[in-house]
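Good morning, and thank you for joining this group meeting.

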There are 2 protein chains.
Amino acid sequence: MKPVGFVRSSLKRPEDAPKQGEEGAPDAWVEVAADVALGLEGIAAGQEIVLITWLHQAARDVLKVHPRGDATVPLAGVFATRSPARPNPLGLHRVRVLAVAANELKVGPLEAVDGTPVVDIKPALSSD
Amino acid sequence: MKPVGFVRSSLKRPEDAPKQGEEGAPDAWVEVAADVALGLEGIAAGQEIVLITWLHQAARDVLKVHPRGDATVPLAGVFATRSPARPNPLGLHRVRVLAVAANELKVGPLEAVDGTPVVDIKPALSSD
């Protein structure tokens with residue numbers, strides 16, 4: 001797997017990021033790698049897309065977490081939570097496209113921090 | 001990235017698979033690897049989850065496709081489609097959990113074929 005792009009955001013640190021985009025995350029840019037930018041053709045401002053990211057700062061050797069980091073909530077398996085900690089730290093983000101400019105998409109709201117690799121981009125379906 | 005499990009399905013060939021689960025796909029099992037099965041704790045029958053798969057038979061060097069394989073529809077960038085062909089052939093499947101048995105989840109409907117690696121499992125959010 002290789003990045004198809006990177007997140008450029010005012011959010012710099014995971015500890016400052018909301019847990020989900022709709023919990024107050026900023027808009028951000030996705031800079032798409034030049035060698036795959038042709039794959040963006042047909043994406044237009046206004047539509048909803050799904051970004052799959054690689055949460056590169058997440059722990060990969062953790063199988064149980066307290067949901068939402070709340071130590072008062074019993075431990076749950078990572079696959080039963082949206083914790084970034086998981087064997088393959090993939091992030092899933094449904095966002096709106098706000099602007100399309102050459103190799104870049106402005107999207108939001110997005111809770112992934114600046115520098116996060118993007119590994120796939122898909123149109124959102126109503127069934128997602 | 002490493003598989004956290006594999007799809008076990010009566011669907012054996014990509015050419016027999018519907019393009020989306022809700023287009024007539026069968027129910028299937030996800031066999032989760034023993035070393036990460038603890039991560040399933042808290043997943044229960046009846047809930048909706050998102051599977052992220054690695055569509056191992058897909059082309060990775062394609063950036064434009066005819067949406068839904070229909071040659072009468074103009075070419076579009078792969079990131080504007082749900083084609084399995086894309087630089088990182090990740091599949092995204094929202095499915096219902098039908099049964100939980102030790103290291104296995106029965107889910108459906110699922111259009112991924114038998115043997116497809118599963119790379120992540122997440123609870124579905126209303127915002128997905």
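In chain B, strand β3 (residues 48-54) is joined to strand β8 (residues 117-123) by five bridges, and the two run antiparallel. Strands here are DSSP runs of E with at least two residues, helices are runs of H or I with at least four, and both are numbered from the N terminus. Two strands are taken to pair if DSSP finds at least two bridges between them. Within this pairing, B:I49 has B:P123 of β8(B) as its bridge partner.

Two remarks on the basis of what I show. This is a predicted model, in which local features need pLDDT of at least 70, side-chain atom pairs count only at pLDDT 80 or more, and totals for chains, interfaces and linings use all residues. Residues are numbered from 1 along each chain as its sequence is written, chains are lettered from A and ligands numbered from 1 in the order in which they are written, and side-chain values use heavy atoms, with hydrogens and water left out.

Which residues does B:D120 touch? This residue lies in strand β8 of chain B. Leaving aside residues up to four places away in sequence, B:D120 touches A:F79, A:R86, A:N88 and A:L90, together with B:V4, B:V50, B:L51 and B:I52; contact means heavy atoms within 4.5 Å. B:D120 counts as buried because its relative accessibility is 0%. Buried means under 20% relative accessible area, exposed over 50%, and partly exposed in between, with a 1.4 Å probe and protein chains only.

Let me turn to chain A. This chain has zero helices and eight strands. Strand β3 (residues 48-54) of chain A is joined antiparallel to strand β6 (residues 90-101) by seven bridges, and A:E48 has A:R96 in β6(A) as its bridge partner. β6(A) also pairs with strand β7 (residues 104-108) of chain A, in the antiparallel sense, over five bridges. There, A:V97 stands opposite A:V107 in β7(A). The hairpin of β6(A) and β7(A) has two residues between the strands, and A:A102 takes a positive phi near 50°.

As for overall dimensions, the C-alpha trace of chain A spans about 45 × 30 × 30 Å along its principal axes. Of its 128 residues, 48% count as buried. Among the contacts in chain A with a separation of 6 or more, 74% are between residues 24 or more positions apart.

Finally, how are the two chains related? A rotation of 180°, with 0.0 Å of shift along its axis, superposes chain B on chain A with an RMSD of 0.0 Å. That is the relation of a two-fold axis. The same surface serves both copies, as 100% of the contact residues of chain B recur in chain A. The superposition is by least squares on the C-alpha atoms of residues with pLDDT of at least 70 in both copies. Of the residues of chain B, B:D128 comes closest to the rotation axis, at 2.7 Å for its C-alpha.
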